[in-house]
Amino acid sequence: MFLQIEKLWTSYEQADVLLLGEITDWDPFLARQHGAEAKRFKKVSYFELVQLDGTYDALFVQTPFPLIEKLERSRLITVQYGLAKERHNYGVWRSLADLNLMYGPYSTSAVSIFSNSISVGNLKFAGVNLWGDKQVRKILKELHGLDADKQTILYMPTYRDLGSFEKLLNPLSRMLSRYNILIKIHHNQETHSDFTWKDRASSLGFKHLYGGNSNQGDLLNLCDVVISDFSGAIFDGLYARKPLVLYQEGAERLVGTQSFDLESIEYRRRHELGIVCESPEDLAAAVEAAKGFAIKMQHQLDTIRAELMTDVSDPDVLETAKRAVDDLLTGHYERPSRAQLYVRDMYKSLRSAERELAALKRKPLWRRLLRM
């Protein structure tokens, strides 16, 4: 997550990056850092972060974490992480924020009921032109060792039950003779250093394999078609103006999985975004259909794109985000309304009660009975 907003936090020269959690082993990551940048990373537990409340003017976060409801003095700023799985992205946890930095008008409108919100775009792509000219694409193809005579597919699946990697690996391998196929895996696929996906893909002939932290901007720039499933990568492809194939088999059975529901935009508006494929056998035909769809529906796609994502190709977009933060810290934003404060207080109380209940359940039965 800190890599996704790296351009934002590095623009604050004195900012620290707090690596949260007692479970995650941050030591291998820290060992790879060098020089002055290494000093910016600080390992802290959730409890230690609460103790640091007030020592920072602002804390930038992308998702709620244990004890976040205890923060009171530092101003809390959320930075949008994705467009898919709306039940989470636009959830009541946004009420904790003093300011929400969102991708575009659609998301800003969805969370503004909870607190101050502004559209700044996906800052991961700040200052990047994803619609490079033919010469740029040619250079990128050479750098990545791609066949210049073939079109290029970029496959970006999500993970676990919503993911399509296991289902589409074989069908994709049968398309290798016609296309360059790049696979960029979801970062959660590599949780706990599990890189076995690369072995499975390599055994089927795939050569262009990219981990979760690879440069997505370059991959989007050089590809001709994007294949995804229920992933937020759908909208990265849309932003880059690439034809989209959405593999979404059995969506009804997946409701409730990873905060997915049928009203979430990646499903509800799927037919407006690209070609929907629900069977592995139809994948090759869907890729061909997606190219025609992107040409025929270009005006519609541009309209949706502007609704969902502010253009960030101009690097000054970072200054727009920082000015919004400065305005918050200097009191130029309206204070939360009474209704917003009521929602925030109720959500904090709910999180505290859930944590206490979970702790109680972990106690031996005899101790729970004594409490009663």
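**Group meeting talk: a walk through the model**

Let's start with a cysteine: Cys277 has a relative accessibility of 2%, so Cys277 counts as buried. Before I go on, please keep in mind that this is a predicted model.

Staying with cysteines, how many disulfides does a search of the whole structure find? The search comes back with zero. Take Cys223, for example. The closest cysteine sulfur to that of Cys223 belongs to Cys277, and at 17 Å this is too far for a bond. For scale, a disulfide here needs the two sulfur atoms within 2.5 Å. Cys223 is buried too, with a relative accessible area of 0%.

Cys277 sits at the end of strand S12, which covers 275–277. That strand belongs to an open sheet of six strands, and if you read across the sheet, the order is S9-S8-S7-S10-S11-S12, with parallel pairing. Which strands stand at the edges? Those are S9, residues 208–210, and S12, and each has a single partner strand, so one side of each is left without a neighbour in the sheet. Ignoring direction, neighbouring strands of this sheet are turned by 20 degrees against each other on average.

Let's zoom in on one pair from that sheet. Strand S10, residues 225–228, runs parallel to strand S11, residues 244–247, and three bridges join them. If you want one spot to look at, find Ser228: its bridge partner in S11 is Leu246. As a reminder for anyone new to this, strands of a sheet pair through backbone hydrogen bonds, either parallel or antiparallel.

Now some other strands, starting with S1, residues 17–20. Val17 and Leu19 point one way from S1, Leu18 and Leu20 point the other way, and all are buried. S1 runs parallel to strand S2, residues 41–44, with four bridges joining the two.

Next up is strand S4, residues 75–79. How many of its five residues are buried? Four of them are, and S4 is mostly covered. On one pairing, S4 runs parallel to strand S3, residues 58–61, through four bridges, and Leu59 stands opposite Leu76. S4 also pairs with strand S5, residues 99–102, in the parallel sense over three bridges, and there Val79 stands opposite Leu101.

Let's talk about nonpolar cores. The largest nonpolar core has 85 residues, and Ile183 and Phe235 are the ones that touch the most other members. What does Ile183 contact, leaving aside its neighbours within four places in sequence? Its contacts are Tyr155, Phe165, Leu169, Trp197, Ala201, Phe206, His208, Leu209 and Tyr210. There is also a second, separate core of 13 residues, and its members include Val44, Leu49, Leu59 and Tyr347.

Tyr347 takes us to helix H17. This helix has 25 residues, which should span 36 Å at 1.5 Å a residue, and its end C-alpha atoms are 36 Å apart, so the two agree. Which residues of H17 are buried? They are Gln340, Arg344, Tyr347, Lys348, Arg351 and Ser352. In general, an α-helix has 3.6 residues a turn, so residues three or four places apart point the same way.

Let me pick out Lys348, which is found in H17, residues 338–362. Is Lys348 buried or exposed? Its relative accessibility is 13%, so Lys348 counts as buried. Apart from neighbours within four places in sequence, Lys348 is in contact with Glu69, Leu71, Glu72 and Leu96.

One more helix: H14, residues 283–296. H14 has 14 residues and reaches 20 Å from its first C-alpha to its last, close to the 20 Å expected. Its buried residues are Leu283, Ala286, Val287, Ala290, Lys291, Phe293 and Ala294.

Last stop, a loop. Ser259 lies between S11 and helix H12, which covers 265–268. At 29% relative accessibility, Ser259 counts as partly exposed. Not counting residues up to four places away in sequence, Ser259 touches Lys85, Arg87 and His88. Ala36, meanwhile, is 223 residues from Ser259 along the chain, and their C-alpha atoms are separated by 39 Å.

That's the tour, so over to you.

Key
Residues numbered from 1 in each chain as written. Predicted model: local features only at pLDDT ≥ 70, side-chain atom pairs only at ≥ 80, totals over all residues. Heavy atoms only, no water. Buried < 20%, exposed > 50% of the residue type's maximum accessible area, 1.4 Å probe, protein only. Contact = heavy atoms within 4.5 Å. Pairing = 2+ DSSP bridges. Axes fitted to C-alpha atoms, helices over the stretch in contact; angles between N-to-C directions. Core = buried A, V, L, I, M, F, W, Y, C linked by side-chain atoms within 4.5 Å. Expected span 1.5 Å × (residues − 1).
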